[in-house]
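Here are my comments on the model, point by point. Please read them with the structure open.

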Amino acid sequence: MTPTFTHKGIRIVRILMPILTLLIGAAGCGTRPSSGKQAITVSIRPQKYMLEKIVGDKWDVKCLLNNTADPESFDPGMTHLLNLESSKAYFRIGNIPFESAIINKVKNNNPGLHLYDNSEGISLITGTHGHHGSDIDPHTWTSIKNAKKIASNMYDAVVELDPSNRSYYAANLKKFLRELDSLDTQVDSILRPARGSSFLVWHPSLSYFARDYGLHQISLSPEGKEASVNMVKKSISRANNEDARLFFYQKDVDSRQALSINEQLGAELVEIHPLSYDWDKEMLDIANAIARQTNN
């Protein structure tokens with residue numbers, strides 16, 4: 001039987017549809033329904049983890065990307081833009097193309113939106129993308145040392161936004177920096193025997209991590225692009241010369257080439273999640289994988 005709708009029923013559906021759309025969209029990136037608190041929107045989940053350490057229960061932290069999205073190809077939908085337009089501030093991680101692409105759209109509808117670059121002051125790495133030597137590597141958050149600067153930048157921003165709670169934020173920042181120091185010490189100890197060793201990644205997401213601990217990252221593909229045959233040959237040759245036996249890849253982001261190329265390499269495949277909210281656990285998991293391979 002074909003269902004029929006009265007005019008009243010159609011009107012109810014029209015009223016409810018926008019509400020349902022917003023509720024479904026809010027599930028992305030771990031965003032909770034509005035709590036009545038002012039919101040700050042961040043780009044990625046590691047930022048959300050770090051910012052919540054500092055702001056505690058004072059702000060509702062919203063996030064654009066979920067754990068499996070690809071920052072290089074991400075195209076924010078209406079819900080993401082609505083989250084931004086209703087936020088007090090937007091915290092960029094910096095140097096990710098989609099961030100610049102959405103700013104103009106959002107600023108037109110929310111001229112009062114405060115903008116902050118959380119990677120400001122970090123010593124940036126260039127030339128890891130394989131196509132332009134001056135390209136900035138945006139993965140600043142995959143470094144515990146960088147995280148300290150990111151956290152400090154976040155603190156400065158929230159104090160500017162909410163100076164009345166400066167002491168609360170300062171206490172939280174101090175506690176978080178102690179946690180980061182402890183994590184850095186732990187990872188440094190884990191990786192000490194692996195200094196100078198090499199590992200493979202599909203695209204160069206661990207450049208800053210490698211720099212921190214004296215490791216060599218061999219990338220098989222430029223950021224957000226398919227690897228050329230020539231690039232793959234050079235990377236495989238380098239991997240063999242440097243005895244790289246560990247291959248990090250992102251299951252939901254990386255090209256299918258990653259698995260087929262590893263048939264030539266014979267490396268241990270380890271899935272990583274650089275955009276995970278459980279950022280501290282991810283740093284430890286990466287360190288332990290490298291150490292485990294070194295000891296084998």
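1. Which residues does Asp212 touch, not counting residues up to four places away in sequence? They are Ser143, Ile144, Lys145 and Arg195. Contact here means heavy atoms within 4.5 Å.

2. Some ground rules. This is a predicted model, where local features need pLDDT of at least 70, side-chain atom pairs count only at pLDDT 80 or more, and totals for chains, interfaces and linings use all residues. Residues are numbered from 1 along each chain as its sequence is written, and side-chain values use heavy atoms, with hydrogens and water left out.

3. Back to Asp212. Helix α7 (residues 207-212) holds Asp212. Helices are DSSP runs of H or I with at least four residues, strands are runs of E with at least two, and both are numbered from the N terminus. Asp212 is buried but has no salt bridge. Buried means under 20% relative accessible area, exposed over 50%, and partly exposed in between (1.4 Å probe, protein chains only). A salt bridge needs a side-chain nitrogen of Lys or Arg within 4 Å of a carboxyl oxygen of Asp or Glu. The nearest side chain of opposite charge is Arg211, 4.7 Å away. For charge, Lys and Arg count as positive, Asp and Glu as negative, while His and the chain ends are not counted.

4. Asp212 does have a polar partner. Its side chain makes a polar contact with the side chain of Ser143, at 2.6 Å. Such a contact is a pair of N or O atoms within 3.5 Å; within protein, one must be able to donate a hydrogen and the other to accept it, and residues adjacent in sequence count only if both atoms are side-chain atoms.

5. Leu173 sits in helix α6 (residues 166-191). Leu173 is buried, at 9% relative accessible area. Beyond four places in sequence, Leu173 touches Ile54, Ala151, Ser152 and Tyr155. Met50 is 123 residues from Leu173 along the chain, yet their C-alpha atoms are separated by 9.6 Å.

6. Check two backbone angles. Asn95 is not a glycine but has a positive phi of about 70 degrees. Asn95 lies in the loop between β3 (89-92) and α4 (97-109) and is partly exposed at 33%. Asp243, also not a glycine, has a positive phi of about 55 degrees. Its loop runs between α8 (229-241) and β7 (246-249).

7. Confidence next. Mean pLDDT, the predictor's per-residue confidence from 0 to 100, is 84 for the chain. Residues 1-28 stay under 50.
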